[in-house]
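Subject: Structure handover

Hello,

Please find the structure below, with its sequence. My notes on what was found in it follow.

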Amino acid sequence: MKPRKFVTIALIVLSTQLFAKCVDAWPKVVRADSSATITMQFEEEDLKQPDKLKLLYYNDDGIRADGKPFQYATPEIIPFEIKGNTIVATTKFPSETRHTLKLVNNENNTVADVKLYSLKPDYFALRPFKGNMHMHSKYSDGVDKTGSIMVATCRKVGQDFAIETDHNNYAGSQEAVSTFATFPTDMVTYHGEEVHGPGNGTHILSLGATEGMGEWFKQHRAEYDATVKEALAKLPADILPKGMNAWFVASSHVIWDRIRAKGGLAVYAHPYWRPNYRQYIPKPISDYFLSELYCDAIEVVNGGSSENTILHYQGLRAQGKKIPLIGTTDAHNSRHLAGAFTLILSESVKFEDLAANIKKLNSVAVEYVARTKKHYVHGPKRVSQFALFLLEHYYDLKHDPFCQEEGEWLLTLAKAKAGELNDQDAVDKATKALQEAKGRVPALFDKYWQK
Amino acid sequence: MKYISLAFTIFVLATQVSFSKLVDSWPLVVKQDSMVQFTFVLEDEPMLQTPEKLTLQYVQADSVRESGKAFGGAFNKIEFQIEGNKLITKPIKIIGETIHTLRLVSPDAQGKFRNPKVHGIHFVYSLADDLFQLRPYRGSIHTVLNFPTEAEQLQPHKLIAQLRHSGYDFACIADNDLDKAKNAIAGFPFKTDFTLIPAEEVFIPGKSAKLLAINPNTSVGKWIAGNPNELLKAIENEANSLKIDSKEFTEQVATTHAIIKKIKQENALAILVHPNHGQDDFPYLPRPAIDAILNARQYDALQVAGGPKVDLDFTDYFELCASGPRVPAVGGPGFVPQADLARSITVVLAKSNSASDIMSAIKSGHVAAVFQPPATYRRIAADFRLGHYFAFLLRYYFPKLNGTYRSEADAFNKILDANDEQAKQLLPTLQNHVNATYDKYFAVTQ
């Protein structure tokens, strides 16, 4: 390399080292069309020469606070105050979009680049929660011994809630719910099950129901059969093409109804799963389920069978249908829990709120590619755009690192409970650490959402 | 542990699939509801000596049999005969518009088919007549003549060779200057199957959206620069028909529409370039103006794949489709490093690879934008019918052309660099390969 080139690169690297010291900034989410005060916190930065610094403001919509467009590629310069090692600026954040506050020095080098997002009142009233709602343990065909090990691992990969869903087995999730009730943690889990009714291969996620469907099939088979027959009799004769078994439809309707009656959310799982090169539910039946939308939501992202479902989901939207959706890993091994999740905007992480907001289309299905550390978001534009902001500029700062720590501690406790770890000292340390950490993830909303 | 898992995976695969001896099989694409005979070419396959031990299994991805009943977990058994190293099936009826699988197996050590030994798998796509009549082509709708770094810059001829190497059947050379694009194409010294279409990127900073004029009669950029009064009049005319509150946005939308109209007058395709483009996160037009332009749908197609914010462009595309008539989506790499030249592409179904047929295909919506992110599967902007078919073609059909395209690109480079005689001899033999490949892998209509 030529010496001049080397010196230039060294200077660029040095300048980014010298100036890139903004360690935090808040709030990250503000009310649209109102003023907010943003604090940028610096570490070991000489902030005593404000004349050398300029704070530039612009946003992705290209609209100024007065509603007029920005001049092309010309940010606004906004006033700021220096308070100790912080810079504080107040400005109005128009529209529902992403905003940039860029602190530059007199040579126009960027000292800090802070992104924030403004939301209209309906979304500002909600908070984002990430969760995985489809996974298996040894209670069915998974590798890991218990649901609580799976849920603890979900925390480790940055999730706020998780639901264990063993095949026709409610007990896996019961174990997770009862175990987590004894742990000092903000991570929550609910009852769940992947249901397939007798004579019906359709996989249905029963989420949050107060009873197991698998148990109902076993203990009340005659009642199930009679209810499905009754439903079958009510279906129009031409509901499916000739040769297709309408029992699938009647049974699924009965199961979806029962899940709802038990307070749960009924989800049609992985419509395009193709074991042995063919759709697990014949396409005419699957297409009928997708078009009638008798279930509450569609599992649009599922581990390895998402490509066609995503296309079909977008095709249904193009027909004007409103499709509630979720994204899951369908992991059968705790090592595969990071690849997908659902991000829900909700009043709280209570199941009722999460379920209601999935139905209100306030959720997106997210895929995560670990090799490139890239997220892919599927869902309605408004929530997708906000989710992309959170995934790029919010979660990595504090939320996910906190969750990762807590996940490690929770795993220690879950493995000890499952008899896979016999180390009381480690359990005591993990319990103490969790007690001390309790509340810090929910508190992020207090700091990073405008008061 | 990582290596143990890897070794275990290899061991399991080795027990499931014998080292593949299936070197070729056809057809790949057939007309739906037709009777089709398939040919498998096997190399050094000892099992061909004992055909009674081989079973050819068939299943349809929709899980629907010819009788209309479901496949369930079973395969159909297909009769075949062996001719030398070829296995030829009896004609079978291929129903529906979907993927089909033919799997050549022999029983496991216990003589069962639960985990059979697999000797080869052939995938087939069946199509209704309207799409079956059309031929698939890969291309770029937006290729610029330079790269982000100094070290990567190429002469136009070399760039065109690089595009061919990336697997393109057609490419729109779209710089900010139509003459540059035309000169690059006119000066390309080889007669090949590669369709090169001149185009230009048109943009009035702060005043209009970025647009591509594909194959215009004359330069739209020059018209804008040289006819301010005519442009002003055209903008006024457009503005009168708009109902937007803000004066600034009205001007931006009207300017964009006036340019689109001019592009169409030049018999060119008007492409709205990736709507979330900007400079350092600063949008090149305010969002209300972009939204108004998107929703007015006056452009012929939307470039969804190839912008710096491809996630948001896909989101915009699907939201647009959810809120009104579907718009054709196209892709092209634009201003990217050489390694990313094939990441954002356009796939069309057209009558031929001529510029006019490709443009007609885009206009009529027989097109998709495809983005191939690293380490995961492709993202396709299209309706389900085309998207499902294109995903199949991108996996099983287009790669069959790659080898020839690379050889052709190498020949271009050798001739350009050293006037290589061998490469000169080779080049003509590589032509008409697209048609020959199509003829082989697309079943003759019955």
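Among contacts in chain A between residues at least 6 apart in sequence, those that join residues at least 24 apart make up 67%. This comes from a predicted model, as does everything below. Chain A has 451 residues, of which 49% count as buried. Its secondary structure consists of 14 helices and 20 strands. Taken along the principal axes, the box filled by the C-alpha atoms of chain A is roughly 80 × 60 × 50 Å.

Sheets and strands of chain A

One open sheet in chain A has 5 strands, in the order β13-β14-β15-β16-β17, and its pairing is mixed. At its edges are β13 (192-195) and β17 (325-328) of chain A, each of which pairs on one side only. From one strand to the next, the twist averages 30°. Within this order, β15 (residues 265-268) and β16 (residues 297-302) of chain A are parallel and share 2 bridges. Here Tyr268(A) is placed opposite Ile298(A) of β16(A). Helix α7 (residues 247-261) of chain A lies across β13, β14 (204-207) and β15 of chain A, and runs at about 10° to β14(A).

Elsewhere in chain A, strand β7 (residues 86-93) pairs with β3 (residues 34-42) in the antiparallel sense, over 8 bridges. In that pairing Ile38(A) stands opposite Ala89(A) in β7(A). Strand β6 (residues 81-83) of chain A is also antiparallel to β7(A), with 3 bridges between them. Glu81(A) faces Val88(A) of β7(A) as its opposite residue. β6(A) and β7(A) make a hairpin with 2 residues between them, and Gly84(A) in the turn has a positive phi of about 60°.

A loop residue in chain A

Where does Ser140(A) sit? Ser140(A) is in the loop between β10 (127-132) and α3 (147-156) of chain A. Is Ser140(A) buried, exposed or partly exposed? There are 18 other C-beta atoms within 10 Å of Ser140(A). A residue needs 20 or more to be buried and 12 or fewer to be exposed, so Ser140(A) is partly exposed. Leaving aside neighbours within four places in sequence, Ser140(A) is in contact with Asp166(A), His167(A), Asn169(A) and Gly172(A). Val300(A) is 160 residues from Ser140(A) in sequence, and the two are 23 Å apart in space, C-alpha to C-alpha.

Where the chains touch

The contact between the chains takes 42 residues from chain A and 43 residues from chain B. On the side of chain B that touches chain A, β5, β18 (282-283), α9 (310-322) and α11 (384-397) of chain B each supply at least two residues. α9(B) gives the most to that side, with 8 residues. By type, the residues of the side of chain B that touches chain A divide into 21 nonpolar, 12 polar and 10 charged.

Strand β5 (residues 55-60) of chain B, one of the elements on that side, is mostly covered, with 5 of its 6 residues buried. β5(B) runs antiparallel to strand β10 (residues 99-106) of chain B, and 6 bridges join them. Gln60(B) is the residue opposite His100(B) in β10(B). β5(B) also pairs in the antiparallel sense with strand β6 (residues 76-78) of chain B, over 3 bridges. There Gln57(B) stands opposite Lys77(B) in β6(B).

A buried helix in chain B

Helix α3 (residues 156-165) of chain B is largely enclosed by the rest of the structure, because 7 of its 10 residues are buried. The buried residues of α3(B) are Leu159(B), Ile160(B), Ala161(B), Gln162(B), Leu163(B), Arg164(B) and His165(B). Their cover includes β12 (135-143), β13 (170-175), β14 (195-202) and α12 (399-418) of chain B. Just after α3(B), Gly167(B) takes a positive phi of about 100°.

The nonpolar core

In soluble globular proteins, nonpolar side chains tend to be buried together. The largest nonpolar core in this model has 240 residues. Those that touch the most other members are Val267(A), Leu211(B), Ile214(B), Ile271(B), Ala329(B) and Ala368(B). Which residues does Ala329(B) touch, not counting residues up to four places away in sequence? They are Ala301(B), Leu302(B), Val304(B), Tyr317(B), Val367(B), Ala368(B), Ala369(B), Ala381(B) and Ala382(B).

Regards

How values were computed. Residues numbered from 1 in each chain as written. Chains lettered and ligands numbered in written order. Predicted model: local features only at pLDDT ≥ 70, side-chain atom pairs only at ≥ 80, totals over all residues. Core = buried A, V, L, I, M, F, W, Y, C linked by C-beta atoms within 7 Å. Contact = placed C-beta atoms within 7 Å. Helix = DSSP H or I, 4+ residues; strand = E, 2+ residues; numbered from the N terminus. Pairing = 2+ DSSP bridges. Axes fitted to C-alpha atoms, helices over the stretch in contact; angles between N-to-C directions. Nonpolar A, V, L, I, M, F, W, Y, C, P; charged D, E, K, R; others polar.
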